[in-house]
Amino acid sequence: MNGTCTRLIGAGADATRACTPRVINEVFKNGRTGFTFTESDFAVVSFSGMGRMQIKDDPNKVTQPVDTIIFTLIGMGTAPNKVKAAGKCTYTNTNLGPVRISCSAHTAQGQFEATFLSDGQDPIIKQF
């Protein structure tokens with residue numbers, strides 16, 4: 001989805017100014033799902049959890065528990081860093097205009113947070 005990243009915190013460091021204006025919602029065959037945010041051309045942060053654990057707070061809002069943060073430095077030749085996390089992402093219905101996504105998770109490396117508001121356009125769906 002395209003829109004505005006209004007907050008991006010990685011391991012306690014504020015990267016909001018470099019947060020790109022898009023977010024990716026990934027759904028994998030093993031049931032894992034997550035939201036991925038990028039910090040310019042420097043880093044990728046994914047908030048990940050099992051889709052079956054989602055809670056429908058109401059017909060237009062879902063809470064996705066987060067048990068893993070995946071942090072990758074782009075272009076550094078390093079493997080993705082997967083760390084255990086305790087947190088959640090909440091998001092609103094994609095069929096009702098702009099989508100609000102808010103993620104927060106605590107890890108041994110510090111706090112990770114992201115907030116995003118879509119431009120209200122339908123998400124681009126790609127299957128691999």
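Reader: Which residue of strand 7 stands opposite valine 44?

Author: Threonine 72 does. The model is predicted, so local features need pLDDT of at least 70 and side-chain atom pairs pLDDT 80 or more, while totals for chains, interfaces and linings use all residues. Residues are numbered from 1 along each chain as its sequence is written, and side-chain values use heavy atoms, without hydrogens or water.

Reader: What makes strand 5 and strand 7 a pair?

Author: Their bridges. Strands here are DSSP runs (E, at least two residues), numbered from the N terminus. Two of them pair if DSSP finds at least two bridges between them. Strand 5 (43-50) and strand 7 (61-73) are joined by 6 bridges and run antiparallel, so they pair.

Reader: How is strand 5 joined to strand 4?

Author: By 8 bridges, again antiparallel. Threonine 38 has valine 44 as its bridge partner in strand 5. The two strands form a hairpin with 3 residues between them. In that turn, serine 40 has a positive phi of about 45°.

Reader: Which partner does glutamate 26 have in strand 4?

Author: Glycine 34. Strand 3 and strand 4 pair in the antiparallel sense over 6 bridges. Their hairpin has 4 residues between the strands, and glycine 31 there takes a positive phi near 95°.

Reader: What makes valine 45 buried or exposed?

Author: Its relative accessible area is 4%, so valine 45 is buried. Valine 45 touches Phe35, Thr36, Phe37, Ile69, Ile70, Phe71 and Phe112, leaving aside residues up to four places away in sequence. Contact means heavy atoms within 4.5 Å. The C-alpha atoms of valine 45 and phenylalanine 71 are 4.7 Å apart, with 26 residues of separation along the chain.

Reader: Which residues touch the most other members of the largest nonpolar core?

Author: Phe35, Phe37, Phe47, Ile69 and Ile101, out of 23 residues in that core. Strand 8 (81-92) gives the most to this core, with 4 residues. A nonpolar core is a set of buried Ala, Val, Leu, Ile, Met, Phe, Trp, Tyr and Cys residues joined through side-chain atoms within 4.5 Å. Isoleucine 101 has contacts that include Phe35, Phe37, Val23 and Phe116.

Reader: How many cavities of 30 Å³ or more does a search of the whole structure find?

Author: The search finds 1. A cavity is a set of points on a 1 Å grid over the protein atoms alone where a 1.4 Å probe fits but cannot get out; lining residues have an atom within 4 Å of a point. Strand 4 gives the most to the lining, with 3 residues.

Conventions
1 Å grid on protein atoms, 1.4 Å probe; cavity = no way out; pocket = protein on both sides within 12 Å on 5 of 7 lines; lining within 4 Å. Points joined across faces, edges and corners; volume = space filled by probe spheres on them. Buried < 20%, exposed > 50% of the residue type's maximum accessible area, 1.4 Å probe, protein only.
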